[in-house]
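Me: Could we go through some helix contacts and buried residues together, one question at a time?

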Amino acid sequence: MNMCASSELAETRVELAWLEKQEQELLQKLFHVRAAIRVQKTKLDELMPAPIDRLPNELLVRILKLSIHESCLELAGVSRRWRDVVLHSPSLWTTIRVTKSMSLLKLKTHVSKSSELPLDIEIQLWTEPLLNTVLDVLIPCAHRWRSLVIQCSGCSLIKNMLTTMGCTAYPSLTHLSIRNIGGSSLSMISQFHSGSFPCLEHLELKGSAEKSSVFEAPAGVTSLSLGLWGIDLLSTLQHSSLQKLTSLFISQWESGRGMQLKPDSIHFPLLETFVYETGLSVLIQAISAPKLAYFEYGSIIDCEIFETRAPKFPNVVRLVLGGVRSGHPTGSALAVPFAFPAARHIDLLDSAEFLFSPERGPISAVHWPQLESLTIRDIEIWSLGFLDGLVPWLKARRDMDTPMLLVRFAFHNLARREDGVLTALPEAGSMVTILYEALHGLCRLEWVDVLLAGIVLSGTQNESLRLEMPNVYPNFIDDIGTAIIQRRNIRSSAGPSHKSRWAYKHGYHSVVTIGL
């Protein structure tokens, strides 16, 4: 190697060494700068108020109202600002939930801090001395009661409370709910006339009553919910005080065997919503409601009651049926669309196979021309016979250029682990495949909380996360991928995996909802 080359090599090595030293110095400087940035960010976070503390008081109060469960006193201990807001915002003290854990001081604090605003009161007590003490505090402000929920254990407690309440008027009360009624308590409620409750609109009564007792509601009630065993429901519903009803909910009642009700013998000229959870369907035949828009029946209905000269409920737009049957082997399903010709949204539990059975006089495309959505619930792998009638019906609607129907399916999820978490049924994927292949292109398909087995998550967070899913129908994976890429209606949430009194860490699950 000549002297020139040797000198150039030495210079190159020196230059490289200098650059490497500069690199180390710059990296060290970068490290210190990043550390300083972290320190300043931490300091900035400490100096700046939390996002919720930047909100104006009016908006903070609205948020705090959504967080109150029993008392807002706990919220007052979060910070000095929260304390000032809580103690000087009467609207945060208007909801009073009286339980055995609420002290008398806390109750009095709620009453005084609420100023003169309307009160929403819920009473859940089990001892008479405590109830009397509570009433001594609440009755003096009865003129401010807006809603009242009574759920006491034992007939004597409710009877005692109703006796005390009977001596006072409630000029602002609009909502009243009394649960666990028993014995003669119902007759005491009937003694409350419109003068005691001039503004009462919503009334809920649950429990039991004396045999064949009749209840008379205050004349201004527009929403009535009855769940009373032993009541003479026919006489109660026929009473003139219920002529202003717009909503009627019946959850349970005891009827005599062989009871006869004349068709259209119970008239509700203003009724818009009727929910009948369980009981004889003959009651439906007796009701006349020309303005009814929402109809729900939780039991199995006998379609013969709809075999009338004119549609039974011509203005119902939302129809929910728990089940449909016919007393005759050759009974027709056409009585249902005839009774509800204007239905726009139909929800079926165990009715799909009957309504769309070819042997029952299948529904044609001319029925329910305004229908927008059809929901079929609790289907199982052996209960897909309704497709034999549903598919031809949807094809006929398509041939008539009827707007494409939205059809929802909810599966019958019985499988559960011991901790209460729902698990996927093995046949769920097969059911989705069958429904997709039969109905794709005839309607817009929607799945409601369908649990699919075979979903596998693997990979490293933020690097190579991979989600493997069963290809239950052609392009299923493509649909999921497209929705994720376009971020259409994607939201995530976390919460208890099942409603339980106790919540454990392992009992929580996360949900990602993707709108396809």
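**Helix pairs and buried residues**

Me: At roughly what angle do the axes of helix H4 (residues 104-113) and helix H5 (residues 128-138) cross?
Reply: Happy to start there, keeping in mind that this is a predicted model. The axes of H4 and H5 come within 10 Å of each other. The two helices count as roughly parallel because angles under 35 degrees fall in that class, and the crossing here is at roughly 20°.

Me: Is the crossing of H4 and H5 left-handed or right-handed, and which residues make the contact?
Reply: H4 passes H5 in a right-handed crossing. The contact has six nonpolar, one polar and one charged residues. On the H5 side these are Thr-133, Val-134, Val-137 and Leu-138, and on the H4 side Leu-104, Leu-107, Lys-108 and Val-111.

Me: How wide is the arc that the buried residues of H5 cover around the axis?
Reply: The buried residues in H5 are Leu-131, Val-134, Leu-135, Val-137 and Leu-138. In an α-helix, residues three or four places apart point the same way, because there are 3.6 residues a turn. Pro-129 and Asp-136 are exposed on the other side of H5.

Me: Which residues of H3 meet H2, and at roughly what angle do the axes of the two helices cross?
Reply: Helix H2 (residues 57-67) and helix H3 (residues 80-87) have axes that come within 11 Å. From H2, the contact uses Asn-57, Leu-60, Val-61 and Leu-64, which meet Arg-81, Trp-82, Val-85 and Val-86 of H3. H2 is therefore roughly perpendicular to H3, the axes crossing at roughly 80°.

Me: Is Ser-299 buried or exposed?
Reply: Ser-299 is in strand E11 (residues 294-302). Beyond neighbours within four places in sequence, Ser-299 is in contact with Glu-277, Thr-278, Gly-279, Gly-322 and Gly-323. Because buried means under 20% relative accessible area, the 18% of Ser-299 makes this residue buried.

Me: How far apart in space are Leu-390 and Phe-356, C-alpha to C-alpha?
Reply: Leu-390 lies in helix H12 (residues 387-399) and is buried, at 0% relative accessibility. Not counting residues up to four places away in sequence, Leu-390 touches Phe-356, Leu-374, Ile-376 and Leu-439. Leu-390 and Phe-356 are 34 residues apart in sequence, and their C-alpha to C-alpha distance is 5.7 Å.

How values were computed:
Residues are numbered from 1 along each chain as its sequence is written. This is a predicted model: local features need pLDDT of at least 70, side-chain atom pairs count only at pLDDT 80 or more; totals for chains, interfaces and linings use all residues. Side-chain values use heavy atoms; hydrogens and water are left out. Axes are lines fitted to C-alpha atoms, for helices over the stretch in contact, and angles run from 0 to 180 degrees between N-to-C directions. Helices (H or I, at least four residues) and strands (E, at least two) are DSSP runs, numbered from the N terminus. A crossing is left-handed if the near helix is turned anticlockwise from the far one by less than a right angle, and right-handed if clockwise. Contact means heavy atoms within 4.5 Å. Ala, Val, Leu, Ile, Met, Phe, Trp, Tyr, Cys and Pro count as nonpolar, Asp, Glu, Lys and Arg as charged, and the others, Gly among them, as polar. Buried means under 20% relative accessible area, exposed over 50%, partly exposed in between (1.4 Å probe, protein chains only). Angles under 35 degrees count as roughly parallel, over 145 as roughly antiparallel, 65 to 115 as roughly perpendicular and the rest as oblique.
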